Amino acid sequence: MALSFLLCAALIWLGYIPFGHSFSAARHIADPALKTTGVLDVFQVYQPVATYGRENSACEHEILLMDHVFASSYGKPFVGYYEPPQCDFDTVRINITVTSRGRQYDRLAIMYLGDAEVFRTSTAEPTSNGIVWTYIKEMSQYNALWKEEQKLIFDLGNLISDVYTGSFNVTLTAFFSRQGNVRAADMILPISAGRSTSNGSSAFIVPSDNTTTAYQFPDSAARAVVSISACGQSTEEFWWSNVFSGDTESFESTVGELYGYSPFREIQLYIDGLLAGVVWPFPVIFTGGVAPGFWRPIVGIDAFDLRQPEIDISPFLPFLKDGQEHSFEIKIAGLNIQDDGNATLSDHVGSYWVITGNIFVYLDEDAESNSSEKAPHIYAPAPSLAVNRNLIKNETGGNDTLSYSVIVKRSIAISSLQFSWEQSLEYSNFGLLNQQGLSQSNNQTTYGKVSITNSEAKDSSDEVTFVYPLSVNTTYNISDTGLAIDAKISRGLDIEATALLGISSYTLTSEPLRLHTMQEGSASYRSVTGGSSTSSGDTSDTFESDNGQLYQRTVRAVNGSVVLDTDDTNAPSMCGLSQADQNNVVLSSGRDNIRSIIGRGPGNER
């Protein structure tokens, strides 16, 4: 609790935010109104990134990358210029600290070095008295970019109006050192829209954008891994709760039009039109999702650091090293369900997904070109799809209850003479809408196992398994006086991985990893027509991670107050936040219908 007391004291008496850990610089709060009691310390439960003191490093340097206020910032990202420190570093960590006060939705934010996305995060929703959060992230996997001068673009689209008053004051610092870190990729090739020359965000918007990018590979390329960063927005933010396209108007008179293409999504990577692998996304929930009371002050799993799943394309290298350019394309698929119950992958989905990718290339001058070797052998049959739905009408003939289920299985194997990449994936979602659509539940599980085998290496195989359980139950009550939401949630993330080549953008480490995290809770939301809104909640977060260093933490928050934290050194405090403030957090008067709540995304202009 000492750290939290110092943080609060600094906020209240000095108006500064201490960086903590080895980040010694203090940053000024742009809004002097935050120098009052009641500033809420918001946080994500995650394994702290190790930081080092000067006695441990032959090179240590700290650079302020950005100190910027995002107010009316749609289409107006921060643009800065980065120069590498004049020392031989191999380790980079960034510290992002954000403050906000007023009314505001959650917003999506992306950091680019040139055209390459290197960090995707989202904002917490502020309170009338203000919030603050800090997140420290490992960034050594991007050393190939950090070693060169770069245009730094940080895109956080925000909207200020007479209703939405909260700006986001963001400070970003990079800390460089030399620690004998693991090998990083020698080249990073972005799969992006490439808008840095015009000072724009390089993310693709799918399905509207053409996501094709082309590159020529050097003969010395020995390994190549593609990371994919993707999350749904607007009608796709809660894709896991979507219904079959034929059922979107089932409850239009009560809750409005629902969103389609089923609750299943697949992200596909193509090389020269050949399927190179797929990603089944983690169901990230941002800080306004389902009911805002879940996420104060504990935010959702990975909300401050969205993982980037990886596809190893090393089996394609002999094919790619022929001196010609080869195309890379990312697609999103849902499901089309016919009247007879047959299901197929859809060519597109709703609006919209924000997507980029990076190709991490590892060079070896002794690597053989094998340019005469043809494309790898690809075994990628269509996924096994089993769907079911049942619509029940009430006594007056109106639609009353809709139940549906989706079960998907898929196996992919891609091999060359040296490498073999395999994926085994399973998915299920059981959905129910009753009370004429005013109550909805979804129980979803995603399981995957991926591996890359190198026939010429001593440590021949790297493997990652993951499980994403999700259960959400939500009931709405609509009346002339306002809207009420009552919700329960249980969700988790489990990852087991062997040691990987370089620092993985998915496991966030190069070491073997065992990760288990689970969030459970209940929340309520109340809005008065034409008036203010309140949200309360009770959320528990259990976290255990072991990447060579075991870290365990259990936190419980009730109505904005942390009532249990097994890691006292990191425990945030309410800094004198009154019980009235905890129970009566003013949000906005804009959430007066269900679609405005479950149909928005952090990146949407509102």
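**A tour from ring to sheet**

Begin by selecting K147 and F89, where the charged end of K147 sits over the ring of F89, 3.9 Å from its centre; a charge sits over a ring if NZ of Lys or CZ of Arg is within 6 Å of the ring centre and within 35 degrees of the ring normal. The model is predicted, so that local features need pLDDT of at least 70 and side-chain atom pairs count only at pLDDT 80 or more, whereas totals for chains, interfaces and linings use all residues. Residues are numbered from 1 along each chain as its sequence is written, and side-chain values use heavy atoms, with hydrogens and water left out.

Next, select C59 and C87, which form the one disulfide of the structure, with their sulfur atoms 1.9 Å apart (the cut-off for a pair of cysteine sulfur atoms is within 2.5 Å). This pair links distant parts of the chain, 28 residues apart, with C59 in the loop between β3 (40-41) and β4 (60-70) and C87 in the loop between β5 (78-82) and β6 (91-100); helices (H or I, at least four residues) and strands (E, at least two) are DSSP runs, numbered from the N terminus. C59 counts as buried at 4% relative accessibility, while C87, at 27%, counts as partly exposed; buried means under 20% relative accessible area, exposed over 50%, and partly exposed in between (1.4 Å probe, protein chains only).

Now move to the open sheet of four strands, in the order β14-β19-β16-β17 with antiparallel pairing; two strands pair if DSSP finds at least two bridges between them. Its edge strands are β14 and β17 (274-279), each pairing on one side only. Along β14 (residues 213-216), T213 and Y215 make up the covered face, and A214 and Q216 the uncovered one. Strand β14 pairs with β19 (residues 325-333) in the antiparallel sense over four bridges, and Y215 stands opposite H326 in β19.

Then select K331 and Y270, where the charged end of K331 sits over the ring of Y270, 4.8 Å from its centre.

Finish at F466 and Y506, whose ring centres are 6.2 Å apart with planes at 70°, so the pair is edge-to-face. F466 is buried, with a relative accessible area of 9%, and Y506 also counts as buried, at 7%.

Key
Rings of Phe, Tyr and Trp (its six-membered ring) pair if their centres lie within 6.5 Å; planes under 30 degrees apart count as stacked, over 60 as edge-to-face and the rest as tilted.
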